[in-house]
Amino acid sequence: MKTLLLEVMTIPVDDPVAFTFFTGYMAMFAASVFFFFERSRVSDKWKTSLLVSGLITAIAAVHYYYMRDYYAATGENPTALRYIDWTLTVPLMCVEFYLLTKAAGAKIGLLWKLIIAAAWMLIAGYIGEAFTDGSTSHSVIWGVASTIGYVYILYTAWFGEVKKLADASGNPTVVRGVRTLAWFVLVGWAIYPIGYMCMPGGWLNVGLGWEATNVDLFYNIADAVNKIGFGLVVYSIAITSTKESANAATA
Ligand SMILES: *C/C=C(C)/C=C/C=C(C)/C=C/C1=C(C)CCCC1(C)C
């Protein structure tokens, strides 16, 4: 007779990386439910934006489900799963910028430029992490290459096309919203390179002795801040604009 052996997975509370994988999964899941349900409360033109917010956190939730298990089973960084997640979700964040500025005349070319910059950033980062020989030079070369893509997106959001289109929209809610998202790209996205530098040979790994498992600690915190935070900003722009147009209609 075969015996069925059930292994019960426990949350190691003394392991912050495992803990953030677990809570990250729940938070992404809950955020998705929230964004999907709240779609019914915003006017039609905002529904796609909220759908995208929900998709970003839903895609992340599925990846966290697997990354959490991968880490629990091996104690290693789930690098491939991490970058598959980002390859889907970062372009969707670019879509959010595009949708916000579309009413002010954003062309599809803007979306492509942002997506190409994001792809560059992620491919270089993946080469840096997945094909590391443990040397500092490998980590630095690919980290710097990746940063070029990051800076392009940062520039576009703060000074470039996204910023100019937001201003041209003449809608203060959109101007403020795009400004807040730009802050997320500046501060929230900057947490990722900190995690990256904990990789074997990375500056924080070599310089301060920060362990390689901390890569995921930083990535998990950054993902929660950026994916859920980004979505909430878009949500608040949508709700505010919906109320404003309702007020304008009754006035
Ligand atoms: C939802 C996931 C998001 C918003 C991921 C963003 C990832 C980055 C901004 C990663 C940036 C990196 C650098 C700027 C240099 C080192 C390598 C990366 C890929 C960690």
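# Salt bridges, cavity and pockets

Me: How many salt bridges does the count come to?
Reply: This is a predicted model, in which local features need pLDDT of at least 70 and side-chain atom pairs count only at pLDDT 80 or more, while totals for chains, interfaces and linings use all residues. Residues are numbered from 1 along each chain as its sequence is written, and side-chain values use heavy atoms, with hydrogens and water left out. The rule for a salt bridge is a side-chain nitrogen of Lys or Arg within 4 Å of a carboxyl oxygen of Asp or Glu. By this rule the count is 7.

Me: What N to O distance is found in the salt bridge of Arg-82 and Asp-223?
Reply: These two side chains form a salt bridge. Arg-82 belongs to helix α3 and Asp-223 to helix α10, 141 residues apart, so the pair links distant parts of the chain (helices, H or I, at least four residues, and strands, E, at least two, are DSSP runs numbered from the N terminus). Arg-82 and Asp-223 are both buried (buried is under 20% relative accessible area, exposed over 50%, partly exposed in between, with a 1.4 Å probe and protein chains only). The N to O distance is 3.2 Å.

Me: Which residues are linked in a network of salt bridges?
Reply: Side chains of opposite charge can pair when their charged atoms come close. Asp-223 pairs with Arg-82 and also with Lys-227. The network consists of Arg-82, Asp-216, Asp-223 and Lys-227.

Me: Which residue forms a salt bridge with Glu-161?
Reply: The closest N and O atoms of this pair are 2.8 Å apart. Glu-161 lies in helix α6 (residues 161-168) and the partner in helix α4 (residues 108-130), so the pair ties together parts that are 48 residues apart in sequence.

Me: Which residues line the largest cavity?
Reply: The search of the whole structure finds 1 cavity of 30 Å³ or more, and the largest cavity has a volume of about 30 Å³. On a 1 Å grid over the protein atoms alone, a cavity is a set of points where a 1.4 Å probe fits but cannot get out, a pocket is an open set with protein on both sides within 12 Å along at least five of seven lines, and lining residues have an atom within 4 Å of a point. Points are joined across faces, edges and corners, and volume is the space filled by probe spheres set on them. The lining of the largest cavity is Asn-77, Pro-78, Thr-79, Arg-82, Tyr-83, Glu-129, Val-215, Asp-216 and Tyr-219.

Me: How many residues of the lining of the largest cavity are charged?
Reply: α3 (79-102) and α10 (214-250) each supply at least two residues of this lining. Sorted by class (Ala, Val, Leu, Ile, Met, Phe, Trp, Tyr, Cys and Pro nonpolar; Asp, Glu, Lys and Arg charged; others, Gly among them, polar), the lining has 4 nonpolar and 2 polar residues. The charged residues number 3.

Me: Which element gives the largest share of the lining of the largest pocket?
Reply: The largest pocket, about 440 Å³ in volume, is lined by 24 residues, with Ser-146, Thr-147, Tyr-192, Pro-193 and Tyr-196 nearest its centre. α3, α4, α5 (136-158), α8 (191-196) and α10 each give two or more residues to the lining. By class, the lining divides into 16 nonpolar, 7 polar and 1 charged. The largest share, 7 residues, comes from α5.

Me: Is Ser-146 buried or exposed?
Reply: Ser-146 is placed in helix α5. Leaving out residues up to four places away in sequence, Ser-146 touches Trp-120, Met-121, Ala-124 and Gly-125 (contact means heavy atoms within 4.5 Å). At 13% relative accessibility, Ser-146 counts as buried.

Me: Which element gives the largest share of the lining of the second largest pocket?
Reply: The second largest pocket holds about 260 Å³ of space. Of its 13 lining residues, Lys-45, Trp-46, Leu-99, Leu-100 and Ala-103 are closest to the centre. α2 (47-74) and α3 are the elements that give two or more residues, and by class the lining has 6 nonpolar, 5 polar and 2 charged residues. The largest share, 4 residues, comes from α3.
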